[in-house]
Amino acid sequence: MNPKVKKLFNHLQDNHARLLAELDKTDARILERSPRERKWSVTQIMYHLNSAESNSVLYVSKKRLGAAQLRPTGLEAQLRLLVAIVAFYLPIKFKAPSVLGDMPAQVSYPEIKTRWIETRKKLESLLESHPEDELRKPIFRQPTFGYWNIFQMLWFMRIHFARHRRQILSLIR
């Protein structure tokens, strides 16, 4: 795996492991209960994060087949990432992209934890097998912000996770 990609992925994994360790100390019934009507439970937030990451792995796996013909991302993609970073740290609510599908009414903590760990393994495998010369090709599509390369995808995953981690921690504390 490319050293910069590995560093970004390891950061994601470290934060993921710390969050799961924190959640493992919490009663699953609390994690699975919605705090209020029309508000996601902790496990629904986990489901959302897993869906986003799982869909990303599937999309990049398919898109990379034609990556050789693509030109590297440039300043415009980097600016869109900067906008995403700023937007995700503002107290603005965003509607989840419809591509993620409907949110189930009930999500089991042990089940979503297992599925999310599996998704992370698939992401790691994808990153390990990704050719060095295609790392800067726009093969990841974020529904709101457009096409990004692998580095930008990992940065987006980082800020997306951080945003929802804050949301999760506020629900269990």
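1. In this predicted model, Lys113 has a relative accessibility of 22% and therefore counts as partly exposed, since the buried class is kept for values under 20%. The side chain of Lys113 meets that of Asp24 in a salt bridge, with 2.9 Å from N to O. Asp24 is also partly exposed, at a relative accessible area of 42%.

2. Where do these two partners sit along the chain? Asp24 belongs to helix 1, which covers residues 3–24, while Lys113 belongs to helix 5, which covers residues 109–129, so their pairing ties together parts that are 89 residues apart in sequence.

3. A second pair to look at is Glu53 with Arg120, whose closest N and O atoms are 2.7 Å apart in a salt bridge. Glu53 lies in helix 3 (residues 42–63) and Arg120 in helix 5, so this contact ties together parts that are 67 residues apart in sequence. Are Glu53 and Arg120 buried or exposed? Both of them are buried.

4. Glu76 and Arg80 form a salt bridge as well, and here the closest N and O atoms are 3.6 Å apart, which falls within the 4 Å cut-off. The two residues are four apart in helix 4 (residues 75–89), so about one helical turn separates them. Glu76 counts as exposed, at 58% relative accessibility, whereas Arg80 is partly exposed, with a relative accessible area of 23%.

Technical notes
Residues are numbered from 1 along each chain as its sequence is written. This is a predicted model: local features need pLDDT of at least 70, side-chain atom pairs count only at pLDDT 80 or more; totals for chains, interfaces and linings use all residues. Side-chain values use heavy atoms; hydrogens and water are left out. Buried means under 20% relative accessible area, exposed over 50%, partly exposed in between (1.4 Å probe, protein chains only).
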